[in-house]
Amino acid sequence: MKLFKPTVLSLALSFALTGCQTSNINSLKEEVINPNEVIKSQSDQRDYRYIQLKNGLKVLMISDPTSEKSAAAMDISAGAFHAPKDRAGLLHFLEHMLFLGTEKYPSAGEYNEFLKKNGGSSNAYTSLEDTNYFFNVKNDAFNEALDRFAQFFIAPTMDPKYVDREKNAVDSEYSLKIKDDARRIREASRQAINPEHPYSMFSVGNLATLADRGDDKVYDALIKAYKRHYSANRMALVLLSNQSLANMEAMVIEKFSAVKNNGLDKPQLVTELLTKKELETRVHIEPLREMRTLEMVFPIIDTQQFSKQKPTRLITHLLAHEGEGSLYQRLNQKGLIESLSAYVNNADALDSFSIEMELTKKGLKQVNQITEDVFAYIDLIKKKGVTEEYYNELKNIAALNFTFQEKSNPMSTVYQLAPVLQNTPANNLLNINYTYEKFNADLIQKYLSELTPNNMQQTIVAPGLSTNKNEPLYDVNYSVNKISKQLINQWSKVKAHPDMKLPALNPFIAEDIKLKESDEKEKPELLVNKAGIQLWHYLDTSFSMPKSSVIVRLESPVIKQSAKNRAMTELASKVIEDNLSAYGYDAKLAGLSYQLFESEKGIGYVVNGYSDKQAELIATINKTITKFDVSEGKFELLKASLLKDLKNAAFSRPIGQVFGRMEREFGSDSFSSSLLASELTAVDLKQLKQFMQTMLSEVALKVLVHGNTDQQEAMALSNKLYQSFLSSAKTGAGYQTKLRQLNDGTQEVVEMQIEHDDSAIVITYPLDVTLNSYLRTRMIGQVLSAAFFNDIRTTQQLGYTVGAFGSEIDDMPTLNFYIQSSKVGPKELERRIDQFIKKEFNSVKEMTDENFAQHKAGLLTNIKRKDKNLGERTMRLWGELMDGFSDFDKREQLAKGISDMTKQDLIDAYQKILIGPKKKRLIVRNFGKAHLDKDYKAALKDKSICRDDQCWHAQ
C-alpha cells in the first residue's frame, strides 16, 4: 500500500505472449474469505469479491456488467530494490524477458498481436519494490487473454536467444533518459545516501550491468531472480470484467492455481536511508536544464502501520497549503520560491518526509533563510496546527470524495489496486486512501518531532553550483558537504515568526449534493447562440454525481497574429493562474478543481467538481481575467519562470521535440518555444496589459456546461459570461482552423538540431478532412500498430520508443510512424519504416477474413467505449465539438463507417495512402550526435531539406 507520491523507476511498454496450464477445478477447493466485506462507495455499482488461492495468491475480482472491456493486473512484490548489488537493473530486465513467450504460447509477438486485434493493450512497470503487469481487451476475448497472461507466472520460456536483444532494449531505455534531468538528479542523489540501502543502486540497468562476466552469466542471474521472487505468495491479482463473480472465480482457479509458491518470504531490506554520516549534509547537483530546486528530506518511522489514521497527512496539508498566510505564500511573496510541495515516501525499505520547493534566482541565494522559515512554520504547526478541526476537515473531504468516487477505466482500476492488495485487508482495499479513523495529536507530534535540522539532508539542484564529483552513468556533476554546526544550531532554535498564520478552514466543501431532475436528453444542445457566444448545455446525472464540468474558451484573432502575441498569451495565462492560487487552492482541495489553458485558438479554463459553489469560483475566475493585474515584481518573476520553461523545451526527449515540430509544421500552434522565448524577452508589463485589453476587446466565447447543472443555471452562467466579456467588447469571429495541406505525391523533410546522442524520426501521412479519412487512418493504424512494434522494437531492436498509429492533428486525420533510436540515424530509420510498410502490405492483402473481422471488432470496441465518468465524457464531447461534430455523433459515424468497411476497402486505402504514387508525407527528424555519419553528411548537401525554425506559415 502506498499513500504517497509514487516514485516509478521505469514504465516500460511491454507487449508479450503468455499462456496457461489448466487444472481440474473440482480437485481445488478454494476458501472464500469474507466475499462481501469489501467496503465500497455508495456510488459504486461494481461488485467485488476477494479470495486467496491455496498457493497463496491474493485475488480481487470485480464484476461490472456495463464494461465493454475486461482487464487484469498482476503485482509481484519484487522491484528494483531486490536486484543483486552486482546486477543493477536485473528485475527491470526480468520484466522485459517475461513478455517473450511461454511454453504454451512460444511466439514472442503473439500476445501483443492478440490483444491489439481484440481492441486491447498491455503495459508493465518496475518500481522500487513492485513489478506490475497489466492488460485490457474486449470482453469476449478475456478468457483467451487471461489464459495467455497466466503463463507469465507459470511457464515463461525466457528463451536465451532473446537475452542480447532485451539487454539492448533495456540499454535503449537507459539511453532514452540519459539527458533527462529527473533521472540524472535521482542518480546523483543516490550517491549521497547510505550505500547499504537499496535506493543507492542504479535501477534501470544497461549493457554494462547486464553483461556476462566469464562464468557469471546474466541469464543465470535472471532465472535465479525469477525463481526467488516470482512466487504466488508474493503476488496479487486483480481482474475486472462484465462477467459474474462466480465465472471469474472459476477462471482464476483454473488458470492461476498452477502458479508456484516457493515458500520463501520477501527478503528483508536495509531500511536506514540516511545514517549519521549522511544526515546534516547538503547535496549540490548540476542539471542540464535551467532549474532551481531545494529538497529537504527527513527519515521518519514507518507510516504504513498508521494507514487508517494518516498522521502525516495533516502535516503535509498545512506545510504545502497555498492559501492566505501559508508558508508558500510567504516565500512566494518574498520572491524566493515558485512552488512548494510536501509528501511522504512509504515503502517497506523507504520511509521519508520531503519538502520540495522550486526556487527563483533570488531564492537560490537565500537557501538558508528559506530553510529557517520552513522550520519556523513547522514550529507554528507544532504549537497551533495539530487540531481536530484540521483533521476533521481532511476527513470530511475524504468522506465526500469516497461517497462520490468516480469510476475509472478497467485497466487503470486493476493496475492501481493490484499493489494495494499486497498489504491491505480485503475490506479496506477501496477505502484505505479515504479513511481517517482517529485523530491522534500525540502521534502527529511524534512525526513533527522528526522534522528537525539534525535529521535532515538538503539537496539543491541548479546550474553553476560548486561541485567536485561526477556520477558517470548520466554524467552528472555533484558534491556532498556537511552543513555547518552553526547553521544546524541556528535552525534548531528557530521559533514561529509572529506574522506567520495557519490557513483558515476550507469554505469550498460541498454542502448541497442533491441531483437535479434529469431532462432525459442524451447529448448537449445549443442553448445560447448569439453574437459572441455559443453555449452548449447537457444536464447529465447518469453517473449519479452532484458534479459538473464547465469549459470556457475565449477566442481572439489577435493571438495568432504574431509570435509575440502568442508568447504574451502564455504569460497572461500564467499571471491569471498565479492571481487565483491563494483563492483557488481550497477549492481544489475540496474537489472543485480548475485549470487555465491557452493556445493560438484562445485562452480559457476548465472547472470540474461538485456543482455546489461552482458559480462562485467561475465568477472569480472571470473577474481575475477581465481585471487583469499584476505587480511589477511578480510580473518579472512569472516572466522569468516562463522563459525558463520555454528554454528548457530544448532538453526534452528527441522524439517529443520531433513530434512537436511535426504538428507545428502543419500549422497547429505553429510558433516554436525558442521563437516564443526570444519574443518574450523584451515584453514589459505595460505591453502585456495592453495586449490583454486588445485581446479582450474582440472575443468570441465557446462554452460547454455538462453535468449536474440545469438549464436555468446554465442560462445564468451565459448571462454572467456575457456581462464579463462581451458587454463592452467587439464580437470576434472565433477561431477558424487552417492547417497545411500537402500536395499529392509530395514529400517534405524537416530536420532539427537536438543536443542528444539519440536520433528520432516521425513520418506523417496527412489526409483531407473527411469522414472517410478518419475511417482509413483509424483502421490502418489498428492493423499496423502491433506488427510495427513487434518488428521495429522487438525483432530489429532499433529503439525503445517506437509506434504506428492513426490520429488527428486538430481535425486533420494522419497516419504516423515514429522511432527514437540510439542504434542508427534517421535515414536508416526511414529505410526500415519504408521496408516495413512495403512488407506489411502483403500481410494486409493476405489477411484472413477472420483476422480482418477481429481487427474491426477490436477497433469498434475502442470507438464505442462508454465514458467511465463525468470528466471523461465532458472531454470527449468538447473534443467532438472542436473537431466540428456539433451534433456530437462522431463515435456513431465512425462506428457505422468501420462496420461497413470491407477488407478490400482497407487494401485500397493502404495502397493509396502508403504505397501509391499520390502518397504524400512529412518527415521530421534529427541526427543524434552518435549518428553524424555519411547519411548526415549527404543530408547536409540536400538543399530541399528545411532546417529553419519554421518552414511553413499560414496565409
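The axes of helix H16 (residues 563-589) and helix H21 (residues 685-696) come within 10 Å and cross at roughly 95°. Here helices are DSSP runs of H or I with at least four residues and strands are runs of E with at least two, numbered from the N terminus. Axes are lines fitted to C-alpha atoms, for helices over the stretch in contact, with angles from 0 to 180 degrees between N-to-C directions. H16 is therefore roughly perpendicular to H21, a label given to angles of 65 to 115 degrees, with under 35 counted as roughly parallel, over 145 as roughly antiparallel and the rest as oblique.

This is a predicted model, in which local features need pLDDT of at least 70 and side-chain atom pairs count only at pLDDT 80 or more, while totals for chains, interfaces and linings use all residues. Residues are numbered from 1 along each chain as its sequence is written, and side-chain values use heavy atoms, leaving out hydrogens and water.

On the H16 side, Lys-564, Asn-565, Met-568, Thr-569, Leu-571, Ala-572, Val-575 and Ile-576 meet Gln-687, Leu-688, Phe-691 and Met-692 of H21, where contact means heavy atoms within 4.5 Å. The residues of this contact divide into eight nonpolar, three polar and one charged. Ala, Val, Leu, Ile, Met, Phe, Trp, Tyr, Cys and Pro count as nonpolar, Asp, Glu, Lys and Arg as charged, and the others, Gly among them, as polar.

Next come the strands. An open sheet of seven strands has the order S10-S11-S9-S12-S8-S14-S13, with mixed pairing; two strands pair if DSSP finds at least two bridges between them. Strand S10 (337-347) and strand S13 (469-471) are the edges, each pairing on one side only. From one strand to the next the twist averages 20°. Within the sheet, strand S8 (residues 281-285) runs antiparallel to strand S14 (residues 476-482), joined by five bridges, and His-284 stands opposite Ser-479 in S14. Helix H8 (residues 311-320) lies across S10 and strand S11 (350-359), at about 170° to S10.

Strands S2 (residues 47-52) and S3 (residues 58-63) are antiparallel and share six bridges. Asp-47 has Ser-63 as its bridge partner in S3. The hairpin of S2 and S3 has five residues between the strands, and Gly-56 there takes a positive phi near 95°.

The structure holds one disulfide, defined as a pair of cysteine sulfur atoms within 2.5 Å. The disulfide joins Cys-946 to Cys-951, with S to S at 1.7 Å. The torsion about the S-S bond is about -90°, so the disulfide is left-handed. Cys-946 is buried at a relative accessible area of 15%, whereas Cys-951 is partly exposed at 26%. Buried means under 20%, exposed over 50% and partly exposed in between, using a 1.4 Å probe and protein chains only.
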